[in-house]
There are 2 protein chains.
Amino acid sequence: MKQEARTATGAPATLWDRTRQLASREILDTALRLFSEQGYDETTVAQIAREAGVSQRTLFRYFHGKEDLLGGDQDRFRQVLTATIGEQPDDAGVWEVLRAGVAAVLALHESREQALERFRLMHTTASLRAGWLEKRLRFQEDLLPLVQARMGGSGGTAAVRARAVIGTSFACLDAASMTWVAGGGEGEIIDLYDECVAAVRG
Amino acid sequence: MKQEARTATGAPATLWDRTRQLASREILDTALRLFSEQGYDETTVAQIAREAGVSQRTLFRYFHGKEDLLGGDQDRFRQVLTATIGEQPDDAGVWEVLRAGVAAVLALHESREQALERFRLMHTTASLRAGWLEKRLRFQEDLLPLVQARMGGSGGTAAVRARAVIGTSFACLDAASMTWVAGGGEGEIIDLYDECVAAVRG
DNA sequence: GACCGCTTGGCAGCGACTGCCAAGTCGCCC
DNA sequence: GGGCGACTTGGCAGTCGCTGCCAAGCGGTC
(Lines give C-alpha, C1' and ligand atoms only; values in the text may rest on other atoms or scores of the structure.)
Protein backbone atom coordinates (compact mmCIF):
# COMPACT_ATOMS: atom_id res chain seq x y z
CA MET A 1 0.00 0.00 0.00
CA LYS A 2 1.55 3.17 -1.24
CA GLN A 3 1.12 6.74 -0.17
CA GLU A 4 -1.71 8.31 -2.13
CA ALA A 5 -0.44 10.51 -4.95
CA ARG A 6 -2.42 13.54 -6.04
CA THR A 7 -2.21 15.92 -8.96
CA ALA A 8 -1.95 19.65 -8.54
CA THR A 9 -5.73 19.99 -8.76
CA GLY A 10 -6.17 17.64 -5.84
CA ALA A 11 -7.73 14.97 -8.04
CA PRO A 12 -6.26 11.49 -7.73
CA ALA A 13 -3.71 10.76 -10.42
CA THR A 14 -4.09 7.13 -11.30
CA LEU A 15 -7.01 4.76 -11.49
CA TRP A 16 -5.63 2.91 -8.53
CA ASP A 17 -5.72 5.98 -6.38
CA ARG A 18 -9.27 6.72 -7.46
CA THR A 19 -10.46 3.23 -6.62
CA ARG A 20 -8.64 3.35 -3.36
CA GLN A 21 -10.32 6.60 -2.42
CA LEU A 22 -13.70 5.25 -3.46
CA ALA A 23 -13.26 2.10 -1.46
CA SER A 24 -12.13 4.09 1.53
CA ARG A 25 -15.21 6.26 1.45
CA GLU A 26 -17.48 3.30 0.92
CA ILE A 27 -16.05 1.55 3.96
CA LEU A 28 -16.21 4.67 6.09
CA ASP A 29 -19.81 5.44 5.14
CA THR A 30 -20.93 1.86 5.62
CA ALA A 31 -19.28 1.71 9.01
CA LEU A 32 -20.83 4.94 10.26
CA ARG A 33 -24.24 3.85 9.01
CA LEU A 34 -24.06 0.45 10.68
CA PHE A 35 -22.68 1.89 13.90
CA SER A 36 -25.57 4.33 14.03
CA GLU A 37 -28.18 1.72 13.21
CA GLN A 38 -27.14 -1.11 15.51
CA GLY A 39 -24.41 0.24 17.76
CA TYR A 40 -20.65 -0.03 17.68
CA ASP A 41 -20.16 -3.20 19.70
CA GLU A 42 -23.03 -4.96 17.92
CA THR A 43 -21.45 -4.33 14.52
CA THR A 44 -18.76 -6.76 13.42
CA VAL A 45 -15.94 -5.87 11.10
CA ALA A 46 -16.96 -8.81 8.92
CA GLN A 47 -20.38 -7.25 8.42
CA ILE A 48 -18.93 -3.87 7.47
CA ALA A 49 -16.57 -5.50 5.00
CA ARG A 50 -19.37 -7.56 3.48
CA GLU A 51 -21.73 -4.61 3.04
CA ALA A 52 -18.95 -2.40 1.73
CA GLY A 53 -18.05 -5.02 -0.84
CA VAL A 54 -14.48 -5.72 0.21
CA SER A 55 -12.81 -8.56 2.02
CA GLN A 56 -12.12 -8.31 5.72
CA ARG A 57 -8.43 -8.55 4.98
CA THR A 58 -8.56 -5.55 2.68
CA LEU A 59 -10.51 -3.52 5.20
CA PHE A 60 -7.75 -4.00 7.71
CA ARG A 61 -5.27 -2.82 5.12
CA TYR A 62 -7.14 0.44 4.69
CA PHE A 63 -7.72 1.03 8.39
CA HIS A 64 -5.59 -0.04 11.27
CA GLY A 65 -8.46 -1.16 13.43
CA LYS A 66 -12.16 -1.03 14.08
CA GLU A 67 -11.81 2.22 15.98
CA ASP A 68 -10.35 4.00 12.97
CA LEU A 69 -13.60 3.37 11.11
CA LEU A 70 -15.09 6.14 13.19
CA GLY A 71 -13.33 9.44 13.19
CA GLY A 72 -11.32 8.50 10.15
CA ASP A 73 -7.80 9.66 9.73
CA GLN A 74 -6.20 10.69 12.96
CA ASP A 75 -3.05 11.64 11.12
CA ARG A 76 -4.89 14.50 9.49
CA PHE A 77 -6.18 15.40 12.91
CA ARG A 78 -2.69 15.55 14.24
CA GLN A 79 -1.41 17.53 11.29
CA VAL A 80 -4.09 20.17 11.56
CA LEU A 81 -3.64 20.44 15.28
CA THR A 82 0.11 20.84 15.32
CA ALA A 83 0.11 23.07 12.24
CA THR A 84 -2.51 25.42 13.65
CA ILE A 85 -0.76 25.71 16.96
CA GLY A 86 2.60 26.13 15.33
CA GLU A 87 1.53 29.04 13.17
CA GLN A 88 0.01 31.11 15.97
CA PRO A 89 1.70 34.47 16.59
CA ASP A 90 4.55 34.43 19.05
CA ASP A 91 2.94 36.84 21.44
CA ALA A 92 -0.26 34.82 21.78
CA GLY A 93 -0.93 33.27 25.18
CA VAL A 94 -1.01 29.51 25.70
CA TRP A 95 -4.77 29.45 26.16
CA GLU A 96 -5.43 31.37 22.98
CA VAL A 97 -3.11 29.08 21.08
CA LEU A 98 -4.81 25.96 22.38
CA ARG A 99 -8.23 27.44 21.67
CA ALA A 100 -7.20 27.99 18.07
CA GLY A 101 -6.12 24.35 17.85
CA VAL A 102 -9.41 23.12 19.25
CA ALA A 103 -11.38 25.30 16.86
CA ALA A 104 -9.38 24.04 13.89
CA VAL A 105 -9.98 20.43 14.84
CA LEU A 106 -13.69 21.00 15.32
CA ALA A 107 -13.86 22.56 11.87
CA LEU A 108 -12.69 19.29 10.33
CA HIS A 109 -16.11 17.69 10.53
CA GLU A 110 -18.01 17.69 7.28
CA SER A 111 -21.39 18.55 8.71
CA ARG A 112 -23.07 19.25 11.99
CA GLU A 113 -25.04 16.00 11.78
CA GLN A 114 -21.95 13.92 11.17
CA ALA A 115 -20.16 15.57 14.04
CA LEU A 116 -23.10 14.98 16.35
CA GLU A 117 -23.37 11.33 15.39
CA ARG A 118 -19.67 10.75 15.84
CA PHE A 119 -19.54 12.43 19.21
CA ARG A 120 -22.69 10.62 20.28
CA LEU A 121 -21.23 7.22 19.43
CA MET A 122 -17.96 8.16 21.04
CA HIS A 123 -19.47 9.21 24.32
CA THR A 124 -21.89 6.31 24.58
CA THR A 125 -19.49 3.49 23.69
CA ALA A 126 -16.92 2.64 26.30
CA SER A 127 -14.42 0.99 23.98
CA LEU A 128 -14.55 3.85 21.50
CA ARG A 129 -14.15 6.43 24.19
CA ALA A 130 -11.11 4.61 25.48
CA GLY A 131 -9.53 4.60 22.05
CA TRP A 132 -10.23 8.27 21.51
CA LEU A 133 -8.75 9.20 24.87
CA GLU A 134 -5.66 7.25 24.05
CA LYS A 135 -5.12 9.01 20.74
CA ARG A 136 -5.80 12.28 22.46
CA LEU A 137 -3.07 11.60 24.95
CA ARG A 138 -0.65 11.01 22.11
CA PHE A 139 -1.60 14.37 20.63
CA GLN A 140 -0.88 15.92 23.98
CA GLU A 141 2.64 14.58 23.89
CA ASP A 142 3.05 15.93 20.35
CA LEU A 143 1.96 19.35 21.51
CA LEU A 144 4.17 19.31 24.56
CA PRO A 145 7.29 20.92 23.03
CA LEU A 146 5.25 23.54 21.19
CA VAL A 147 3.36 24.61 24.27
CA GLN A 148 6.31 24.34 26.57
CA ALA A 149 8.25 26.77 24.41
CA ARG A 150 5.49 29.32 24.77
CA MET A 151 5.17 28.98 28.50
CA GLY A 152 8.73 29.69 29.39
CA GLY A 153 9.04 29.94 33.14
CA SER A 154 11.46 28.15 35.37
CA GLY A 155 13.10 25.21 33.65
CA GLY A 156 12.72 22.23 35.91
CA THR A 157 8.98 22.17 36.19
CA ALA A 158 8.07 23.46 32.75
CA ALA A 159 7.08 20.03 31.40
CA VAL A 160 4.57 19.26 34.13
CA ARG A 161 2.88 22.59 33.79
CA ALA A 162 2.71 22.36 30.03
CA ARG A 163 1.22 18.89 30.26
CA ALA A 164 -1.31 20.10 32.78
CA VAL A 165 -2.41 23.00 30.61
CA ILE A 166 -2.73 20.86 27.49
CA GLY A 167 -4.56 18.16 29.42
CA THR A 168 -6.92 20.75 30.81
CA SER A 169 -7.63 22.09 27.36
CA PHE A 170 -8.56 18.63 26.12
CA ALA A 171 -10.59 17.94 29.24
CA CYS A 172 -12.56 21.08 28.46
CA LEU A 173 -13.10 19.86 24.92
CA ASP A 174 -14.37 16.58 26.34
CA ALA A 175 -16.70 18.29 28.76
CA ALA A 176 -17.93 20.60 26.03
CA SER A 177 -18.58 17.88 23.45
CA MET A 178 -20.22 15.64 26.02
CA THR A 179 -22.56 18.38 27.07
CA TRP A 180 -23.16 19.31 23.46
CA VAL A 181 -24.23 15.77 22.69
CA ALA A 182 -26.39 15.61 25.81
CA GLY A 183 -28.12 18.77 24.63
CA GLY A 184 -28.84 17.27 21.22
CA GLY A 185 -26.36 19.42 19.35
CA GLU A 186 -27.73 22.78 20.41
CA GLY A 187 -25.41 25.77 20.22
CA GLU A 188 -21.73 25.72 19.41
CA ILE A 189 -19.16 23.42 20.96
CA ILE A 190 -16.57 26.15 21.00
CA ASP A 191 -18.83 28.33 23.17
CA LEU A 192 -19.16 25.52 25.66
CA TYR A 193 -15.41 25.09 25.51
CA ASP A 194 -14.90 28.73 26.35
CA GLU A 195 -17.23 28.42 29.27
CA CYS A 196 -15.30 25.41 30.52
CA VAL A 197 -11.98 27.17 30.35
CA ALA A 198 -13.46 30.16 32.11
CA ALA A 199 -14.86 27.92 34.85
CA VAL A 200 -11.51 26.27 35.42
CA ARG A 201 -9.41 29.39 35.38
CA GLY A 202 -11.99 31.55 37.11
CA MET B 1 -19.10 -16.53 42.71
CA LYS B 2 -20.41 -15.03 45.87
CA GLN B 3 -19.59 -11.78 47.60
CA GLU B 4 -16.71 -12.33 49.99
CA ALA B 5 -17.86 -12.64 53.61
CA ARG B 6 -15.67 -11.40 56.43
CA THR B 7 -15.80 -11.71 60.18
CA ALA B 8 -15.76 -8.73 62.49
CA THR B 9 -11.98 -8.93 62.74
CA GLY B 10 -11.66 -8.63 59.00
CA ALA B 11 -10.35 -12.16 58.62
CA PRO B 12 -12.04 -14.35 56.02
CA ALA B 13 -14.75 -16.53 57.47
CA THR B 14 -14.70 -19.81 55.61
CA LEU B 15 -11.98 -21.84 53.98
CA TRP B 16 -13.45 -20.99 50.62
CA ASP B 17 -13.07 -17.31 51.22
CA ARG B 18 -9.52 -17.78 52.37
CA THR B 19 -8.55 -19.78 49.29
CA ARG B 20 -10.30 -17.29 47.10
CA GLN B 21 -8.32 -14.46 48.63
CA LEU B 22 -5.11 -16.43 48.28
CA ALA B 23 -5.78 -17.22 44.66
CA SER B 24 -6.63 -13.61 43.96
CA ARG B 25 -3.34 -12.41 45.40
CA GLU B 26 -1.40 -15.10 43.62
CA ILE B 27 -2.88 -14.07 40.29
CA LEU B 28 -2.33 -10.38 40.93
CA ASP B 29 1.27 -10.84 42.00
CA THR B 30 2.06 -13.15 39.10
CA ALA B 31 0.53 -10.72 36.65
CA LEU B 32 2.43 -7.71 37.94
CA ARG B 33 5.66 -9.68 37.92
CA LEU B 34 5.23 -10.91 34.37
CA PHE B 35 4.11 -7.51 33.13
CA SER B 36 7.23 -5.96 34.62
CA GLU B 37 9.52 -8.63 33.27
CA GLN B 38 8.32 -8.93 29.70
CA GLY B 39 5.81 -6.14 29.14
CA TYR B 40 2.04 -6.02 29.17
CA ASP B 41 1.32 -6.81 25.54
CA GLU B 42 3.92 -9.57 25.46
CA THR B 43 2.30 -11.35 28.39
CA THR B 44 -0.66 -13.58 27.58
CA VAL B 45 -3.46 -14.30 30.00
CA ALA B 46 -2.83 -18.00 29.46
CA GLN B 47 0.71 -17.58 30.76
CA ILE B 48 -0.43 -15.71 33.86
CA ALA B 49 -3.01 -18.38 34.59
CA ARG B 50 -0.50 -21.17 34.10
CA GLU B 51 2.12 -19.62 36.37
CA ALA B 52 -0.47 -18.70 38.97
CA GLY B 53 -1.70 -22.28 39.02
CA VAL B 54 -5.27 -21.69 37.94
CA SER B 55 -7.14 -22.29 34.73
CA GLN B 56 -7.68 -19.47 32.30
CA ARG B 57 -11.39 -19.81 32.82
CA THR B 58 -11.06 -19.30 36.56
CA LEU B 59 -8.82 -16.28 36.10
CA PHE B 60 -11.55 -14.61 34.10
CA ARG B 61 -13.99 -15.37 36.89
CA TYR B 62 -11.81 -13.53 39.38
CA PHE B 63 -11.06 -10.57 37.13
CA HIS B 64 -13.18 -9.09 34.42
CA GLY B 65 -10.35 -8.67 31.96
CA LYS B 66 -6.63 -8.44 31.42
CA GLU B 67 -6.59 -4.79 32.35
CA ASP B 68 -7.97 -5.49 35.80
CA LEU B 69 -4.86 -7.55 36.54
CA LEU B 70 -3.03 -4.28 36.91
CA GLY B 71 -4.44 -1.76 39.28
CA GLY B 72 -6.69 -4.34 40.83
CA ASP B 73 -10.09 -3.45 42.08
CA GLN B 74 -11.43 -0.30 40.57
CA ASP B 75 -14.56 -0.59 42.68
CA ARG B 76 -12.49 0.11 45.77
CA PHE B 77 -10.98 3.01 43.89
CA ARG B 78 -14.39 4.40 43.18
CA GLN B 79 -15.59 3.87 46.73
CA VAL B 80 -12.64 5.66 48.27
CA LEU B 81 -12.90 8.50 45.82
CA THR B 82 -16.60 9.19 46.22
CA ALA B 83 -16.50 8.61 49.98
CA THR B 84 -13.61 11.00 50.51
CA ILE B 85 -15.18 13.69 48.42
CA GLY B 86 -18.56 13.19 50.01
CA GLU B 87 -17.27 13.63 53.54
CA GLN B 88 -15.45 16.90 52.92
CA PRO B 89 -16.76 19.88 54.91
CA ASP B 90 -19.50 21.86 53.23
CA ASP B 91 -17.55 25.08 53.16
CA ALA B 92 -14.56 23.56 51.36
CA GLY B 93 -13.93 24.77 47.82
CA VAL B 94 -14.19 22.48 44.82
CA TRP B 95 -10.46 22.38 44.28
CA GLU B 96 -9.72 21.45 47.88
CA VAL B 97 -12.33 18.73 47.72
CA LEU B 98 -10.90 17.26 44.57
CA ARG B 99 -7.40 17.46 45.95
CA ALA B 100 -8.51 15.45 48.95
CA GLY B 101 -9.95 12.82 46.62
CA VAL B 102 -6.75 12.60 44.62
CA ALA B 103 -4.68 12.28 47.78
CA ALA B 104 -6.91 9.51 49.10
CA VAL B 105 -6.63 7.56 45.87
CA LEU B 106 -2.86 7.93 45.78
CA ALA B 107 -2.68 6.62 49.34
CA LEU B 108 -4.23 3.33 48.19
CA HIS B 109 -0.97 2.00 46.80
CA GLU B 110 0.78 -0.45 49.07
CA SER B 111 4.27 0.85 48.50
CA ARG B 112 6.16 3.46 46.57
CA GLU B 113 7.79 0.81 44.41
CA GLN B 114 4.49 -0.80 43.51
CA ALA B 115 2.98 2.56 42.67
CA LEU B 116 5.93 3.45 40.48
CA GLU B 117 5.81 0.16 38.64
CA ARG B 118 2.09 0.42 38.04
CA PHE B 119 2.26 3.98 36.79
CA ARG B 120 5.25 3.13 34.65
CA LEU B 121 3.43 0.27 32.96
CA MET B 122 0.34 2.39 32.59
CA HIS B 123 2.07 5.26 30.90
CA THR B 124 4.21 3.14 28.59
CA THR B 125 1.50 0.76 27.37
CA ALA B 126 -1.05 2.23 25.01
CA SER B 127 -3.80 -0.30 25.62
CA LEU B 128 -3.47 -0.03 29.38
CA ARG B 129 -3.50 3.71 29.29
CA ALA B 130 -6.65 3.64 27.21
CA GLY B 131 -8.37 1.40 29.71
CA TRP B 132 -7.33 3.53 32.62
CA LEU B 133 -8.55 6.70 30.94
CA GLU B 134 -11.88 5.07 30.29
CA LYS B 135 -12.37 4.05 33.90
CA ARG B 136 -11.29 7.50 34.92
CA LEU B 137 -13.98 9.04 32.77
CA ARG B 138 -16.55 6.88 34.49
CA PHE B 139 -15.32 8.14 37.85
CA GLN B 140 -15.74 11.65 36.56
CA GLU B 141 -19.40 10.99 35.85
CA ASP B 142 -19.80 9.52 39.34
CA LEU B 143 -18.33 12.63 40.84
CA LEU B 144 -20.41 14.96 38.73
CA PRO B 145 -23.41 15.34 41.09
CA LEU B 146 -21.18 15.70 44.14
CA VAL B 147 -19.08 18.43 42.60
CA GLN B 148 -21.95 20.15 40.88
CA ALA B 149 -23.73 20.54 44.21
CA ARG B 150 -20.73 22.34 45.62
CA MET B 151 -20.28 24.67 42.71
CA GLY B 152 -23.72 26.17 42.70
CA GLY B 153 -23.85 28.97 40.21
CA SER B 154 -26.34 29.50 37.45
CA GLY B 155 -28.33 26.36 36.72
CA GLY B 156 -28.17 25.82 32.99
CA THR B 157 -24.43 25.58 32.60
CA ALA B 158 -23.55 24.00 35.92
CA ALA B 159 -22.96 20.54 34.47
CA VAL B 160 -20.43 21.65 31.86
CA ARG B 161 -18.42 23.60 34.35
CA ALA B 162 -18.44 20.80 36.89
CA ARG B 163 -17.29 18.35 34.23
CA ALA B 164 -14.55 20.73 33.18
CA VAL B 165 -13.25 21.15 36.71
CA ILE B 166 -13.28 17.42 37.44
CA GLY B 167 -11.65 16.68 34.10
CA THR B 168 -8.99 19.24 34.80
CA SER B 169 -8.30 17.72 38.18
CA PHE B 170 -7.77 14.31 36.62
CA ALA B 171 -5.70 15.79 33.82
CA CYS B 172 -3.45 17.28 36.48
CA LEU B 173 -3.19 13.90 38.14
CA ASP B 174 -2.18 12.43 34.80
CA ALA B 175 0.40 15.11 34.16
CA ALA B 176 1.74 14.70 37.68
CA SER B 177 2.01 10.92 37.59
CA MET B 178 3.51 10.96 34.13
CA THR B 179 6.17 13.42 35.20
CA TRP B 180 6.71 11.49 38.41
CA VAL B 181 7.39 8.32 36.45
CA ALA B 182 9.64 10.17 34.01
CA GLY B 183 11.63 11.42 37.00
CA GLY B 184 12.08 7.90 38.35
CA GLY B 185 9.74 8.37 41.31
CA GLU B 186 11.48 11.35 42.80
CA GLY B 187 9.47 13.58 45.11
CA GLU B 188 5.77 13.34 45.83
CA ILE B 189 3.04 13.05 43.21
CA ILE B 190 0.75 15.27 45.20
CA ASP B 191 3.29 18.10 45.07
CA LEU B 192 3.43 17.82 41.31
CA TYR B 193 -0.34 17.78 41.28
CA ASP B 194 -0.44 21.00 43.24
CA GLU B 195 1.96 22.59 40.82
CA CYS B 196 -0.21 21.53 37.92
CA VAL B 197 -3.35 22.97 39.40
CA ALA B 198 -1.49 26.19 40.17
CA ALA B 199 -0.22 26.37 36.59
CA VAL B 200 -3.68 25.92 35.18
CA ARG B 201 -5.45 28.34 37.47
CA GLY B 202 -2.61 30.81 37.65
C1' DG C 1 -22.44 -40.21 55.64
C1' DA C 2 -25.35 -37.98 52.28
C1' DC C 3 -27.03 -34.14 50.21
C1' DC C 4 -26.85 -29.28 48.45
C1' DG C 5 -24.39 -25.42 46.79
C1' DC C 6 -20.53 -23.25 45.17
C1' DT C 7 -16.31 -23.49 42.53
C1' DT C 8 -13.38 -25.23 39.10
C1' DG C 9 -11.54 -26.70 34.60
C1' DG C 10 -12.02 -27.95 29.91
C1' DC C 11 -14.10 -27.32 25.57
C1' DA C 12 -16.04 -24.99 21.86
C1' DG C 13 -16.83 -20.72 19.87
C1' DC C 14 -16.80 -15.56 18.71
C1' DG C 15 -14.59 -11.28 17.29
C1' DA C 16 -10.54 -8.39 16.38
C1' DC C 17 -6.37 -8.67 14.16
C1' DT C 18 -2.00 -10.43 11.51
C1' DG C 19 1.21 -13.08 8.39
C1' DC C 20 1.54 -15.55 4.40
C1' DC C 21 0.71 -16.96 -0.26
C1' DA C 22 -1.50 -17.13 -4.70
C1' DA C 23 -4.13 -14.70 -8.07
C1' DG C 24 -5.59 -10.69 -10.23
C1' DT C 25 -5.11 -5.81 -11.88
C1' DC C 26 -2.85 -1.58 -13.23
C1' DG C 27 0.91 1.15 -15.23
C1' DC C 28 4.64 1.59 -17.95
C1' DC C 29 8.17 0.62 -21.31
C1' DC C 30 9.78 -1.62 -25.23
C1' DG D 1 -0.16 -3.79 -28.37
C1' DG D 2 2.22 -7.16 -25.71
C1' DG D 3 4.66 -8.17 -21.77
C1' DC D 4 6.97 -7.29 -17.58
C1' DG D 5 7.12 -5.47 -13.00
C1' DA D 6 4.76 -3.11 -9.27
C1' DC D 7 0.96 -3.12 -6.57
C1' DT D 8 -3.45 -4.76 -4.68
C1' DT D 9 -6.67 -8.16 -3.36
C1' DG D 10 -8.76 -12.20 -1.13
C1' DG D 11 -8.58 -16.38 1.37
C1' DC D 12 -6.67 -19.22 4.88
C1' DA D 13 -4.82 -20.30 9.07
C1' DG D 14 -3.48 -18.86 13.43
C1' DT D 15 -3.12 -15.86 17.87
C1' DC D 16 -5.18 -13.57 21.71
C1' DG D 17 -8.85 -11.83 24.72
C1' DC D 18 -13.06 -13.27 26.31
C1' DT D 19 -17.67 -15.95 27.17
C1' DG D 20 -21.21 -19.75 27.61
C1' DC D 21 -21.89 -24.30 28.73
C1' DC D 22 -21.40 -28.61 31.13
C1' DA D 23 -19.50 -32.09 33.97
C1' DA D 24 -16.63 -33.01 37.97
C1' DG D 25 -14.83 -31.84 42.53
C1' DC D 26 -14.84 -29.89 46.99
C1' DG D 27 -16.76 -27.36 51.22
C1' DG D 28 -20.36 -26.82 54.43
C1' DT D 29 -24.51 -28.63 56.76
C1' DC D 30 -28.00 -31.62 58.50
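Which residues have the most contacts inside the largest nonpolar core? Keep that in mind as you load the model, which is a predicted one.

**Stop 1: the core**

Select A:Tyr193 and B:Tyr193: these are the residues with the most contacts inside the largest nonpolar core, a set of 115 residues. In general, nonpolar side chains in soluble globular proteins tend to be buried together.

Now stay with B:Tyr193 and show what surrounds it. Beyond its neighbours within four places in sequence, B:Tyr193 is in contact with B:Leu98, B:Arg99 and B:Val102, and also with B:Ser169, B:Cys172, B:Leu173 and B:Ala176.

**Stop 2: where the chains meet**

Next, colour the two chains separately and look at the contacts between them. On the chain A side 30 residues take part, and they touch 30 residues of chain B. Chain A and chain B bury about 2,700 Å² between them, and 70% of that area is on carbon and sulfur atoms. To see where chain A loses the most area to chain B, pick A:Leu137, A:Val160 and A:Val200; together these residues make up 20% of what that side buries.

Turn to the charged groups here. Chain A and chain B have two salt bridges between them. One to display joins the side chains of A:Arg129 and B:Glu134, at 2.3 Å from N to O. There are also four residue pairs in polar contact between chain A and chain B, with both residues at pLDDT 80 or more.

Which helices of chain A each supply at least two residues to the side that touches chain B? Select α7 (126-151), α8 (158-182) and α9 (189-201) of chain A. Of the residues on that side, the largest share comes from α8(A), with 13 residues.

**Stop 3: a buried arginine**

Move to helix α6 of chain A, residues 112-124, and pick A:Arg118. Is A:Arg118 buried or exposed? A:Arg118 is buried, yet has no salt bridge. The nearest side chain of opposite charge belongs to A:Glu110, 5.7 Å away, whereas a salt bridge needs the nitrogen and oxygen within 4 Å. Leaving aside neighbours within four places in sequence, show A:Leu70, A:Gly71 and A:His109, which are in contact with A:Arg118.

**Stop 4: along helix α7**

Finish by going back to helix α7 of chain A and selecting A:Ala149. A:Ala149 counts as exposed because its relative accessible area is 66%, where the cut-off is over 50%.

Key. Residues numbered from 1 in each chain as written. Chains lettered and ligands numbered in written order. Heavy atoms only, no water. Helix = DSSP H or I, 4+ residues; strand = E, 2+ residues; numbered from the N terminus. Buried < 20%, exposed > 50% of the residue type's maximum accessible area, 1.4 Å probe, protein only. Lys, Arg positive; Asp, Glu negative; His and termini not counted. Contact = heavy atoms within 4.5 Å. Core = buried A, V, L, I, M, F, W, Y, C linked by side-chain atoms within 4.5 Å. Buried area = accessible area lost by both parts, 1.4 Å probe. Polar contact = N/O pair within 3.5 Å; in protein donor to acceptor, adjacent residues only side chain to side chain.
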